[in-house]
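Trainee: Please take one part of this structure and look at it closely with me. Then lead me on to the parts around the rest of the chain.

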Amino acid sequence: MAKLWFKFQRYFRRKPVRFFTFLVLYLTAGSLVLLHSGFVGQPAVSQNQANPVAGAPAEGAELPFLGDLNLGRAFRDTGETSSIARRYGPWFKGKDGNERAKLVDYGGAWSRALKGRVIREKEEERAKYIGCYLDDTQSRALRGVSFFDYKKMTVFRCQDNCAERGYLYAGLEFGAECYCGHKIQATNVSEAECDMDCKGERGSVCGGANRLSVYRLQLAQESARRYGSAVFRGCFRRPDNLSLALPVTAAMPNMSVDKCVDLCTEKEYPLAALAGTACHCGFPTTRFPLHEREDEQLCAQKCRAEEFESCGTPSYFIVYQTQVQDNRCMDRRFLPAKSKQLIALASFPGAGNTWARHLIELATGFYTGSYYFDGSLYNKGFKGERDHWRSGRTICIKTHESGQKEIEAFDAAILLIRNPYKALMAEFNRKYGGHIGFAAHAHWKGKEWPEFVRNYAPWWATHTLDWLKFGKKVLVVHFEDLKQDLFVQLGRMVSLLGVAVREDRLLCVESQKDGNFKRSGLRKLEYDPYTADMQKTISAYIKTVDAALKGRNLTGVPDDYYPR
């Protein structure tokens, strides 16, 4: 036997081509045998079984999961399918009431196709596609809230966000933009014009260039559109010219907060003002800016239809902000001509630079740029992120740089300063949790946090000192002042940028000020992460910066910077 094996080896060593030919034939034969065994015992499928709509299968018959594809392994109609339906919910039931069996093996191409089919059927229960519609940046087809994600947008994600906020319609555009609304204010166009794949779901259509793929949300809850989801703005004196300030008025003898909010939401207005037995709708304008709140006792007239809610009086209005997005400040573009000067939006990391960019873009209508490139910010709508910082196409440039050479490259700067205790924690959260995420508990308790404070706290001081020393035409803005008095501080910033902005646009920014760049307050630390030594060191840096600001006849740091 050994001699025979030796001759066999010697034969193939002399003729390697024969060896490889033999190997290929052997593998092919094995594959055919395996493939044949996979189909042995498959049930025959009648025409009715292949098409469940044409006729229901007999009780106890084997049900092919793929229907007319005739490829899946079958399940008997036993208690197994019932347990699957209980586990995966009622969406596993077909239109004829028969429970669908769970797919056993997701390995093959046929199983992936079926998985997609099940997902689409689930989405159809949630929303119904109604067509491709024209959209315009100046007059949106859907005028509720909107959000962008140029990397992970999917049809389901857009529908989910709009349904969660109680909207009736969800629309997708440019493969990455999601718009919500209560009614469609545009004309229907050819389906061929909605031709862009979703950025996060290849094979699914997410509109086109100025074209919306629109879905009607079947599961939008009526209760979600009630006043519980509206924002209370306060009690305000009746404006002088009511018909111009709040153009829509409706008499409501049985007034309630939800009735007025629902009316203004349906009319696509962001403000609902309750005046006793009258409901007014409109936008925040110079005639009704919502800057001077009155004592709420002046509005404390109970609603006729709601015993525990105030509905205002004919002289003092209770105002709510509805979920309708104020689109007067949502258009953005690149500068039409190359800018002659480079203006920096400079800040220490964690001082609110991304939020300030959001405000500036809304206020001016122009994109902001960056000294760096952050793909996550580009995907969230900061389209100037990809431009070179010297391109001259953006209104200002984000930077955290603090060297003399880097600072002197700019012709002017907005220097954003924030309380170092808050800025350090915000940057630590960003570093370990993303732009609106949070660092894990282990990071705060581990060596990362003390090392971070040791390295970054001195930089907070030197960053401000360097910009005051080397910067040209520096406008200092404190983050805390911007939060407290956005209208005035943003007006100062826009003035330095050389853009003439109407007050109504700034009022629009006020109502959209948070954007998608604010961390939730649900995960605040339950303890102070700063030790006594850290506080002593940081307090010294605060005093140094305060003295430097006052030495240039500027306002010193806000009082809440210290003591802690």
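Mentor: Phe-174 lies in the loop between strand E5 (169-173) and strand E6 (177-181). Keep in mind that this is a predicted model. Start with the backbone. Phe-174 has a positive phi of about 55°, although it is not a glycine. Now the surroundings. Phe-174 has a relative accessible area of 30%, so it counts as partly exposed.

Look for Asn-553 in the segment after helix H18 (532-551). Is Asn-553 buried or exposed? Asn-553 is exposed, because its relative accessibility is 76%.

Next, a turn with a glycine. Strands E13 and E14 form a hairpin with two residues between them. Gly-276 sits in that turn and has a positive phi of about 75°. Five bridges join E13 to strand E14 (residues 278-282), and the two run antiparallel. Within this pairing, Ala-272 stands opposite Cys-281 of E14. E13 has another partner, strand E15 (residues 316-321). Four bridges make that link, again antiparallel.

Why is E13 said to be largely enclosed by the rest of the structure? Five of the five residues of strand E13 (residues 271-275) are buried, so the strand counts as largely enclosed. Check the two faces. Leu-271, Ala-273 and Ala-275 are buried on one side. Ala-272 and Leu-274 are buried on the other.

Now move to a sheet. Five strands form an open sheet, in the order E17-E18-E16-E19-E20. The pairing is parallel. Strand E17 (369-370) and strand E20 (474-478) are the edges, and each pairs on one side only. Follow one pairing. Strand E19 (residues 412-417) runs parallel to E20, and five bridges join them. In that pairing, Ile-414 has Leu-475 of E20 as its bridge partner.

Helices pack on this sheet. Helix H9 (residues 353-364) touches strand E16 (343-347), E17, strand E18 (397-399) and E19. The direction of H9 makes about 145° with that of E16. Helix H16 (residues 486-496) touches E16, E19 and E20. The direction of H16 makes about 160° with that of E20.

Beyond its close sequence neighbours, within four places, Gly-369 is in contact with Arg-357, Gly-384, Thr-394, Cys-396, Ile-397 and Lys-398. Gly-369 and Ile-395 are 26 residues apart in sequence, yet their C-alpha atoms are 7.3 Å apart.

Go out to the surface again. Leu-23, Tyr-26 and Leu-27 make a nonpolar surface patch of about 330 Å². Tyr-26 belongs to helix H2 (residues 16-39). Its relative accessibility is 58%, so Tyr-26 counts as exposed.

Finally, step back to the whole chain. The secondary structure comes to 18 helices and 20 strands. Of the 564 residues, 45% count as buried. The chain exposes about 30200 Å², and carbon and sulfur atoms supply 52% of that area. Take contacts between residues at least 6 apart in sequence: 71% of them join residues at least 24 apart.

Terms used
Residues numbered from 1 in each chain as written. Predicted model: local features only at pLDDT ≥ 70, side-chain atom pairs only at ≥ 80, totals over all residues. Heavy atoms only, no water. Patch = residues over 30% accessible without salt bridge, like charges linked within 9 Å, V, L, I, M, F, W, Y side chains within 5 Å. Areas by Shrake-Rupley, 256 points an atom, 1.4 Å probe, with all protein chains shown as cover. Salt bridge = Lys/Arg side-chain N within 4 Å of Asp/Glu carboxyl O. Buried < 20%, exposed > 50% of the residue type's maximum accessible area, 1.4 Å probe, protein only. Pairing = 2+ DSSP bridges. Contact = heavy atoms within 4.5 Å. Axes fitted to C-alpha atoms, helices over the stretch in contact; angles between N-to-C directions.
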